[in-house]
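Let us take a friendly walk through a protein structure together. Have the sequence and the 3D view open, and look up each residue as we meet it.

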Amino acid sequence: MHRLLRRSIVFRTLLLAVFVLAAVIESLGSPRSHGIRTSTFDLMQRHRLWASAPDPRLLIVDIDERSLAELAADFGRWPWPRDTLAAVLTSAEAAGAQALVFDVLFSDPDRSHPGGDKAFEAAVRKSSRSYFTVVRLPSPNDARSALVAKDVPGLAVPGPGEAGTVALILPFMQAILETRRLGTSTVTPDEDGVLRSFAWAEPHGTWRLVSLPFAVAAGLGASLAADTAAHLIVWRRAVDAYPRVSFVDVWRCAEGVQHDRCPDLRDRVIVLGATAPSLHDVESSPLKANHSGVDILATLIDNALHERQFVVVTPAIRLAMALAALAAAAAIVALGRASSIRFATLGLPALLALVSYASLHSERVYLDLAVPAAIALSYLSAIRIYESLRARRFRLREAPSPGTWAVACVGSTRIAERFQWRVFDVAAARLWSVVSLASASEIVLASAWALVGIRDRDSAEAQIRALGRTDPDVACRAFEVTERFPECLYRTLADPTLPLQSAGASP
Amino acid sequence: MIRICLESLVGTVVLAAAAATSAQEVRLLESADVRSQASPAAPVVASWRTGHRVQLVELRGGWAQVRDGNTTAWLRASTLETAPAGYGAAAALESGRRAPGNEVVSLGVRTYPAPRMNRHALIVGVGTYEADPARKVEPLPGVKHDMLNALVVARYLQVPIENTTLVKDEAATRDGVAAALSELSARMNPGDRVFIYWAGHGSRSLDAAEGACVESLVPFDLKDVSNRDFAAWVKPIGDKADKMLVMFDACHSAGVADASRSLGTLRPRSAASADACRIPSNVRTRSFSSAVRDVGLSAADVVHVASARSDEVSFEDSATGGLATTALRDCLGGDAIDKDGSGAVTMTEVAACVQAKVDLKMAPFPRLVASHLTLSGNASFVPALFAAPAQLSAGSTSAAPVGVVGIDDVVQEIYQQRDAKWTVQAVSSRNRVKIGDLLPDWSVTSERDGYLYVVMVGSDRQSLYLLFPNDLDQGNRMAAQRTVTIPRPPWALRAAGPAGNDEILVIVTDGPRDLSALAGTKTVGFTKPLTDAAGRARLQRVFATNARAGATCTSAAGCSDAFGAAVLTVQEDD
């Protein structure tokens with residue numbers, strides 16, 4: 001094997017090795033690949049063709065800006081006295097709502113209106129379908145807490161042994177704690193601040209603290225396991241997918257002062273929360289930078305009710321997929337067909353992205369192929385850049401000198417890319433120039449090349465023999481360069497003894 | 001002096017309420033119409049005043065059925081002085097909530113912002129006074145409400161319960177208040193934020209050093225505290241504090257003006273002076289803000305709110321407390337509006353809200369003119385980012401972009417939140433640049449270690465960027481007295497026009513800021529234009545709060561919300 005050919009093979013092998021290494025590093029979770037994966041995921045989430053319809057039971061009772069404005073006359077600024085919430089809770093229970101989930105934290109007594117708290121307590125005691133939120137504080141503060149998990153029945157799922165103390169912000173009313181319909185509302189955004197994943201429960205020693213969506217779904221009969229592994233959230237197709245009614249309308253209907261625009265609360269799963277900007281309940285999600293917290297909670301409850309969550313491939317599987325993509329890219333390169341590589345450079349990553357995108361629509365398994373696609377794209381691009389650099393270096397820029405010799409070779413289009421490498425290798429070794437017929441004239445011979453600048457006939461013949469040994473599929477012919485080099489070249493290629501010929505060649 | 005932690009106070013209220021409930025007798029907290037049915041649409045059968053006692057029969061929805069003699073009727077439960085029977089036993093345990101570093105992201109809304117350990121409050125309420133035949137001072141029954149209202153204000157200001165000191169009546173002597181301020185100074189760390197509140201009578205007293213009568217506050221033992229005295233007491237606090245908000249709900253007009261008499265439940269908050277200061281000819285105005293300046297505190301770090309001008313009478317409602325304090329509680333709780341759309345509510349906007357409420361409260365009394373809230377010191381101080389951040393039209397449910405409104409105010413407002421004692425120098429290599437050329441370098445030096453952030457308002461007044469740190473350059477830790485020059489490789493900025501001024505705000509913070517709140521809005525490595533109301537509000541919130549977790553922030557250093565700042569201007573030319 002020619003040493004330059006060997007060098008070229010060594011280079012390509014090294015390039016492949018580098019990309020195998022990159023695949024290993026990126027698949028096992030470098031910050032860079034995390035960014036690629038999350039931005040791809042977000043982009044695909046926002047442009048899905050379809051997604052599960054929102055559960056028709058879900059209804060958001062919205063403390064919106066209108067509610068704040070219209071209730072200010074009666075109750076002043078938020079927080080309103082809690083008899084307002086008591087009225088809505090009592091009304092919802094009486095109307096036959098399946099659940100009323102408070103996306104409001106009752107962490108402190110209302111000293112200005114203790115009677116409002118009293119009314120809310122009475123409403124909670126009569127309620128059997130209300131759910132309440134608890135904030136899980138950072139675990140480093142567990143040691144600063146005197147609470148143990150068993151103090152909060154309903155929130156904690158017992159495990160073997162004791163779980164130790166736990167830092168929480170609890171509702172202050174005993175009546176709420178006694179409902180046992182509690183769940184945490186704490187979420188963990190990714191490092192870029194975007195919320196993408198959620199766990200149905202959080203581990204606490206051998207115990208588990210269930211989330212509010214889990215508590216609601218379990219209360220409504222879903223057979224969900226209190227899985228502590230975070231999973232990617234299955235989003236609806238767009239934000240604000242759940243119907244909303246203003247709190248002020250629901251409250252006025254409950255108070256009997258409004259009779260139109262009263263929502264039918266029967267069989268509804270009501271999420272009572274706030275979208276008013278002044279209450280700051282927003283998070284960044286893949287769908288929207290300022291996604292309202294209550295809409296996110298409704299999404300999570302919907303997912304819990306339908307046991308909907310993405311199974312995400314493990315890093316090991318991700319690595320296997322990246323290596324498979326790389327192997328496919330390498331095979332295409334080895335095949336050596338120019339059009340294949342050109343097509344594969346964009347086609348292979350696009351295919352992988354398409355598979356990823358299709359899997360997103362299953363809403364069950366997300367095949368995260370962003371890294372394999374990126375690896376394949378990078379590898380194929382690197383190969384193409386390498387060859388284009390070589391082509392730029394060796395290609396003929398002016399007519400060769402008369403009296404020198406040239407070798408014109410024709411090969412199958414299937415080996416065009418490989419053949420080109422070989423021509424470049426030879427040119428590099430001999431400091432000859434190269435002319436591609438495709439670029440030299442209108443004649444299109446997909447795999448025809450000429451080596452020019454050869455000193456004499458013997459050298460040219462020797463080169464033909466060398467090429468014949470390494471590339472038996474290639475047919476070559478030597479000729480002397482004259483003043484009319486192009487004509488000379490075309491005549492040589494038009495020789496019927498050469499196996500391949502352009503249909504349109506007209507020397 | 002007594003230091004009462006909020007739990008004790010709540011416990012007292014609860015015990016009292018529980019006793020009342022067991023007897024089924026409850027009191028009205030405010031005047032209310034009672035109705036035949038549990039609905040506002042039902043006919044009114046009676047109107048009962050604050051303090052009216054009734055028997056509680058039943059609670060249904062938001063309504064309470066009550067009986068008074070032969071009358072059985074319904075009223076809103078929140079008008080009654082009764083409390084839930086059961087405060088959760090588990091909730092009464094220490095839950096880790098008071099530990100530092102409770103920074104978590106949770107869905108849902110709550111009633112108060114999370115407390116921060118670097119906030120402190122001292123609440124002084126003088127509702128009763130020592131008997132002195134020479135100087136009769138009327139009691140102020142509204143002061144007990146003020147103390148509760150001030151506690152709520154402290155909660156809005158994110159002051160933890162254990163950092164709140166209450167000094168009331170007999171404990172609120174001249175020496176008692178001085179000792180409480182001294183104790184507050186001793187327990188706080190540099191960069192902490194402080195709220196000091198006084199409710200009670202104001203007056204005028206002879207200040208020997210001034211050689212004239214000056215405004216004063218009347219403590220329990222009637223040994224008046226002049227503004228000069230008070231300024232000297234708070235000096236050590238001001239030397240440490242990042243910002244100090246001081247409010248006096250009292251007035252000093254007695255002896256100068258003809259102090260008004262009580263009118264219904266309204267009472268004046270001004271006590272007659274016991275000395276020659278009753279004669280108006282020797283009166284000198286010595287405001288608290290000037291006294292603060294005299295002791296060497298920067299006006300940028302102190303905000304003083306007084307319920308009335310020096311020649312006005314301020315009032316309390318004996319059933320609800322001082323008009324100004326009640327209004328402040330409601331305004332900080334969300335009634336104040338960000339009128340300039342800068343993303344946060346400043347003290348100027350809060351004061352406007354308070355004044356409107358006081359005016360409304362005084363409207364039924366045409367004989368009286370409402371007192372005027374006076375605001376001195378740093379009027380751009382943003383006391384509570386919990387309050388309404390954006391100017392929104394009624395019915396709007398989203399923070400819609402408001403164009404150029406308020407974009408300059410954002411830079412100025414953030415700048416005004418700086419600790420003026422913290423010197424940050426920022427120098428631009430050039431003050432003018434041609435459009436299309438690279439922007440000049442900015443050299444930044446801070447007198448303290450910190451974290452560097454740079455915000456820029458573009459000359460188009462449409463773009464507001466967080467320039468640094470950015471995706472290309474994250475290393476924003478800087479050492480004291482070491483000059484940092486930015487932009488620096490691998491990033492640079494090109495003047496993109498139009499002709500006009502770029503405003504560059506350079507900030508050096510004590511602790512790192514959580515930039516993830518700005519996430520999702522990045523473009524080309526920089527946080528993209530934050531020109532909508534929500535974006536501006538997020539930016540203000542980011543710089544107002546140290547993101548450092550408590551577990552790594554147990555000492556004073558690097559734990560405060562304080563920051564130093566400087567503003568640069570670069571002219572872009574055609």
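This is a predicted model: local features need pLDDT of at least 70, side-chain atom pairs count only at pLDDT 80 or more; totals for chains, interfaces and linings use all residues.

Residues are numbered from 1 along each chain as its sequence is written, chains are lettered from A and ligands numbered from 1 in the order in which they are written, and side-chain values use heavy atoms, with hydrogens and water left out.

Let us begin with the cysteines. Over all chains, the structure holds three disulfides, a disulfide being a pair of cysteine sulfur atoms within 2.5 Å. In chain A, Cys253(A) and Cys262(A) form one of them, with their sulfur atoms 2.0 Å apart. The angle about this S-S bond is -95°, and the link of Cys253(A) and Cys262(A) is left-handed. Cys262(A) has 33% relative accessibility and counts as partly exposed. Here is how to read such words: buried means under 20% relative accessible area, exposed means over 50%, and partly exposed lies in between, using a 1.4 Å probe and protein chains only.

Cys409(A) and Cys476(A) also form a disulfide, and here the sulfur atoms are 2.3 Å apart. With 110° about the S-S bond, this link of Cys409(A) and Cys476(A) is right-handed. Where do its two ends sit? Cys409(A) is in strand β19 (residues 405–410) of chain A and Cys476(A) in strand β22 (residues 475–480) of chain A, so the pair ties together parts that are 67 residues apart in sequence. Helices and strands are DSSP runs numbered from the N terminus (helices are H or I with at least four residues, strands are E with at least two). Cys409(A) counts as buried at 2% relative accessibility, and Cys476(A) is buried as well, at 16%. If you number the bonded cysteines of chain A in sequence order, the pairing reads 1-2, 3-4.

Now turn to chain B. There, a disulfide joins Cys331(B) to Cys353(B), with 2.0 Å from S to S. This disulfide is left-handed because the torsion about the S-S bond of Cys331(B) and Cys353(B) is about -85°. The pair links distant parts of the chain, with Cys331(B) in helix α7 (residues 323–335) of chain B and Cys353(B) in helix α8 (residues 347–362) of chain B, 22 residues apart. Cys331(B) is buried at 0% relative accessibility, and Cys353(B) is buried at 11%.

Next come the charged side chains. Side chains of opposite charge can pair when their charged atoms come close. A salt bridge is counted when a side-chain nitrogen of Lys or Arg is within 4 Å of a carboxyl oxygen of Asp or Glu. How many salt bridges does a search of the whole structure find? Over all chains, the search finds 42.

One to look for is formed by Arg155(B) and Asp108(A), whose closest N and O atoms are 3.0 Å apart. Arg155(B) lies in helix α3 (residues 143–156) of chain B, while Asp108(A) lies in the loop between β3 (104–105) and α5 (114–126) of chain A, so this pair joins two chains. Arg155(B) is buried, with a relative accessible area of 7%, and Asp108(A) counts as buried at 5%.

Within chain A, Arg136(A) forms a salt bridge with Asp142(A), the closest N and O atoms being 2.8 Å apart. Arg136(A) is buried at 3% relative accessibility, and Asp142(A) is buried at 10%.

In chain B, find Arg53(B) and Glu25(B), a salt bridge whose closest N and O atoms are 3.7 Å apart. Arg53(B) is in strand β4 (residues 53–60) of chain B and Glu25(B) in strand β1 (residues 25–28) of chain B, so the pair ties together parts that are 28 residues apart in sequence. Arg53(B) is partly exposed, at 47%, and Glu25(B) is partly exposed too, at 32%.

Our last stop is Gly458(B), in the loop between β25 (450–457) and β26 (464–468) of chain B. Is Gly458(B) buried or exposed? Gly458(B) counts as buried, at 5% relative accessibility. Leaving aside neighbours within four places in sequence, Gly458(B) is in contact (heavy atoms within 4.5 Å) with Ser463(B), Asn501(B) and Asp502(B). Gly458(B) and Asn501(B) are 43 residues apart in sequence, and their C-alpha atoms are 7.3 Å apart in space.
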